[in-house]
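Visitor: I would like to learn how to read disulfides in a structure. Please show me on an example.

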Amino acid sequence: MLLRLCAISAVVYVVTLVGGCACPCAKCGIPRTPCAPCIYEQCECHQIPPDLASAIFADATPVPLPAPDETYDLLTATDCQCYAATNTSIANMVELERHWAQVVIQCDTERVDENLCLDRDLLSLHASSMRNESAGAALTAFYQLAGLEAQHYYLQHALSEAEKTLQRIDELRKSGIGLPEGVDRTTVAGQIGTIRDELTQMEFARLQLNGQLQKLVGCPINEQKFFWPEMDWMVDLNPVDVELELAVGLENRHDLRGLELVLCNLEKVSLPVARGVLKFADSAVGTVEPRDGLIHVLRCYRCNEHEVPVRCRQLSIFYDDTEDKGTAEIKSAAYKIGLQQHRVLIAQQRVQELRTKLDELGKMRDVDNVAIFKISSLRGELDRAEATLVEQVVATKLAQVELKLAQGLLATECGFAPQLCLEGCCHGACMRCGKK
């Protein structure tokens, strides 16, 4: 019945694609668009799900995911950050646009020169902002991959321990010896299945992260080559000075510098640039322009004089709104670092407690006849705790990347500081700078 319904639907779709739906205006000349009618067969459709475990996948042999061999490509955090900042394709295109603006400036009149100088500086800020984002994306993938490889190690160890436990259980059952209280073969087999599923997901995530890094740092995409992130696992647990980080961030953020640049150089000749910048706030803002021509200028002198203060007020509102959003981003990232520092300490304490308990059980085994199953279970718990500690350390590193990204510092650290000529020059009717 399902196949029949699909066939009917396909015929209906082809018919409507050729004929189309009726147009309210038959003489409008606009082509008809396809539409499918809401017509379906009815059924009660209370069916028992198929037995998938014993039917379809009994003899299946899935294709293995690409996995690393004995050798990796070693990648450091600094190289990852700066190669990504360097190889940002769109930023390089923007830099070429900036170069072209510079060429035009050198050949054009002084009136156009002022406008293009502002445009050139905004292009430089935009290119640096894009490099900053690429560096942040690359470092995020870098630390995620480093954490994945470390967690993969601990999960492999946990899998090996669980498989040994399952083997011991099977040997006891073959010998006719009863299992100790609390030991269940089904539970252990379920744990093995869960770990194997997690490892498979990790292998896919490894493939994705390596592909992302290859693209970001400018390497050819190759699913047979894998990076090994050379990571500094030490975590700075010193308290974060949120207000200091905020001050640094607000001073360096590219969006705030760009808006201040336009504000401080706002005059009649730079109004087209101001209108274009305001459209980033909302597509409706900056759309109203006075008509060109001498007659309009002579008849409506007031509207020509009125636009500069209107745009200045709009830019000031946009600046304040952007500053509030930037403040929230920077403070959120700074406080997240503090949160992760606490979580690292908690995870570290848990690992130390389990290590101590495992050491004590090992010493008591011969004296108090502690069951190997209890020790094996504790080893698996320790492996999980070690993996959790790795996760929290990586999360702390990611929070630090998030802070620098919000501050606009990642590209600057790699030498890609914006090259500005007009910053600090307030010669327009700028309310924010207080100059007239």
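Guide: Start with a pair. Cysteine 82 and cysteine 414 form a disulfide, with sulfur atoms 2.1 Å apart. This is a predicted model: local features need pLDDT of at least 70, side-chain atom pairs count only at pLDDT 80 or more, and totals for chains, interfaces and linings use all residues. Residues are numbered from 1 along each chain as its sequence is written, and side-chain values use heavy atoms, leaving out hydrogens and water.

Visitor: What is a disulfide?

Guide: A disulfide is a covalent bond between the sulfur atoms of two cysteines. Here the term covers a pair of cysteine sulfur atoms within 2.5 Å.

Visitor: Is cysteine 82 buried or exposed?

Guide: Buried means under 20% relative accessible area, exposed over 50%, partly exposed in between (1.4 Å probe, protein chains only). Cysteine 82 has 17%, so it counts as buried. Cysteine 414, at 19%, is buried too.

Visitor: How many disulfides does a search of the whole structure find?

Guide: It finds 2. One joins cysteine 43 to cysteine 45, S to S 1.6 Å. Cysteine 43 is partly exposed at 38%, and cysteine 45 is partly exposed at 48%.

Visitor: Why is the sulfur of cysteine 80 too far for a bond?

Guide: Because the closest cysteine sulfur, in cysteine 82, is 9.3 Å away. Cysteine 80 is buried, at 0%.
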